[in-house]
Amino acid sequence: MQKVREAAARMTCQNNLKQLGLAAHNYEGAMGQFPAGATQNASQWAFSFQAQLLPHVEQDNLRKLVDFTQAITLGSGGSQTLNPVHATPAKSPVGLFLCPSDAGPVLYQNNSADWTPNNYMVNMGTGVTVQSLANANDGIVWYTSKLRITDVTDGTSNTLLMAEALRGNNIQTEPASAPIDPLRQYASFGGQGALLDEATCATATRWAGNRGRSWLWGREFNVCFTTTHRPNQRAADCARSGAGFYKAASAHTGGVNVLLCDGSVRFVRDAAWRAASTRSSGEVPGEF
């Protein structure tokens, strides 16, 4: 019976991604580009890729509650709080953004507000040389991106658009030398600094559990993934002030569901993972 339930949940997850793929194509056809990660190059204006797809997934009423002319958050750095005008959409759940196999939290309290989560992350590339949405990367989305489908020169059937990730456990742990669960917590550093690498991340003493905590706010940890780690790799992800590398992960056995830029959905293990996230590097990722 458990196998039957999981098979049904995995199919629902794949159907969710198919609907998001169709929505992304409809958006690109109407607007001449895929959704950008923000209307300005600032996290306070980071309306997510997912939020911009709402009219194309039969969520126009919820879309009307999002005022794109006002910032999502007020303040800066660690003092950011939710702009009250967005309180209702921030706490409104969207079933399409949730994988039924993930038993993670369905409500998060952060930044003095309630947020409802997201499992389906958009591709921000390899995460090797660019780890912040403030800068252009080798993937599909950053804060001021204006990518068209024709910019995916590696081939839309070879390039990742979205992938699922497990939601965080909503627990911040510190001080500790290791996370409670490397699939639901990531190493969290404050301030600014050089690119993060595995050696630096191994020194972490603080672990954040807010992965995927909001479908609305387009921060890296909320709505993006990189291919720095393989799907479901037990190594913990790592970030400094939100910018970093974040894996794809799932509660499905053996891999994750992904959405490709041509709108197709596949179940992927770990073959040729980084090559599949770059849109124009000339790499051939091989078979998924």
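**Group meeting: disulfide, salt bridges and pockets**

Buried here means under 20% relative accessible area, exposed means over 50%, and partly exposed is in between, with a 1.4 Å probe and protein chains only.

The model is predicted, so local features need pLDDT of at least 70 and side-chain atom pairs count only at pLDDT 80 or more, while totals for chains, interfaces and linings use all residues. Residues are numbered from 1 along each chain as its sequence is written, and side-chain values use heavy atoms, with hydrogens and water left out.

Back to Arg-167. What does its side chain meet? Arg-167 and Asp-102 form a salt bridge, 3.6 Å from N to O. Arg-167 sits in the loop between strand 6 and strand 7 (186–189), and Asp-102 in the loop between helix 4 (87–90) and strand 3 (108–110), so this pair ties together parts that are 65 residues apart in sequence. For the cut-offs, a salt bridge is a side-chain nitrogen of Lys or Arg within 4 Å of a carboxyl oxygen of Asp or Glu. Helices (H or I, at least four residues) and strands (E, at least two) are DSSP runs, numbered from the N terminus. Asp-102 is also buried, at 6% relative accessibility.

The whole structure has 7 salt bridges. Side chains of opposite charge can pair when their charged atoms come close. I will take two others.

One of them joins Arg-148 to Glu-28, with the closest N and O atoms 3.6 Å apart. These two come from distant parts of the chain, 120 residues apart: Arg-148 is in the loop between strand 5 (120–123) and strand 6 (160–164), and Glu-28 is in helix 1 (residues 2–31). Are the two partners buried or exposed? Arg-148 is partly exposed at 42% relative accessibility, whereas Glu-28 is buried at 9%.

Another joins Lys-247 and Asp-237, at 3.3 Å from N to O. Lys-247 is in the loop between strand 11 (243–245) and strand 12, and Asp-237 is in strand 10, 10 residues apart. Lys-247 is buried, with 2% relative accessibility, and Asp-237 is buried as well, with 5%.

Now the cysteines. A search of the whole structure gives 1 disulfide, where a disulfide is a pair of cysteine sulfur atoms within 2.5 Å. It joins Cys-201 to Cys-238, with 2.0 Å from S to S. The link is left-handed, with -100° about the S-S bond. Cys-201 belongs to helix 5 (residues 198–201) and Cys-238 to strand 10 (residues 237–240), so to speak of the link is to speak of distant parts of the chain, 37 residues apart. Both ends are out of the solvent by the cut-off above: Cys-201 is buried at 6%, and Cys-238 is buried at 0%.

Why is Cys-13 not bonded to Cys-99? The sulfur of Cys-13 is 3.7 Å from that of Cys-99, its closest cysteine sulfur, and that is too far for a bond. Cys-99 is accordingly in no disulfide. Cys-13 is buried at 0% relative accessible area, and Cys-99 is buried at 4%.

Next, a hairpin. Strand 12 (residues 256–260) and strand 13 (residues 265–268) pair in the antiparallel sense over 4 bridges; two strands pair if DSSP finds at least two bridges between them. Val-258 stands opposite Arg-266 in strand 13. The hairpin has 4 residues between the strands, and Gly-263 takes a positive phi near 95°.

On a 1 Å grid over the protein atoms alone, a pocket is an open set of points where a 1.4 Å probe fits, with protein on both sides within 12 Å along at least five of seven lines, and lining residues have an atom within 4 Å of a point. Grid points are joined across faces, edges and corners, and the volume is the space filled by probe spheres set on the points.

Strand 7 gives the most to this lining, with 3 residues. By class, the lining of the largest pocket has 7 nonpolar, 16 polar and 4 charged residues. Ala, Val, Leu, Ile, Met, Phe, Trp, Tyr, Cys and Pro count as nonpolar, Asp, Glu, Lys and Arg as charged, and the others, Gly among them, as polar.

The second largest pocket has a volume of about 330 Å³. Its lining has 18 residues, with Ser-132, Gln-192, Arg-240, Ser-241 and Ala-243 nearest its centre.
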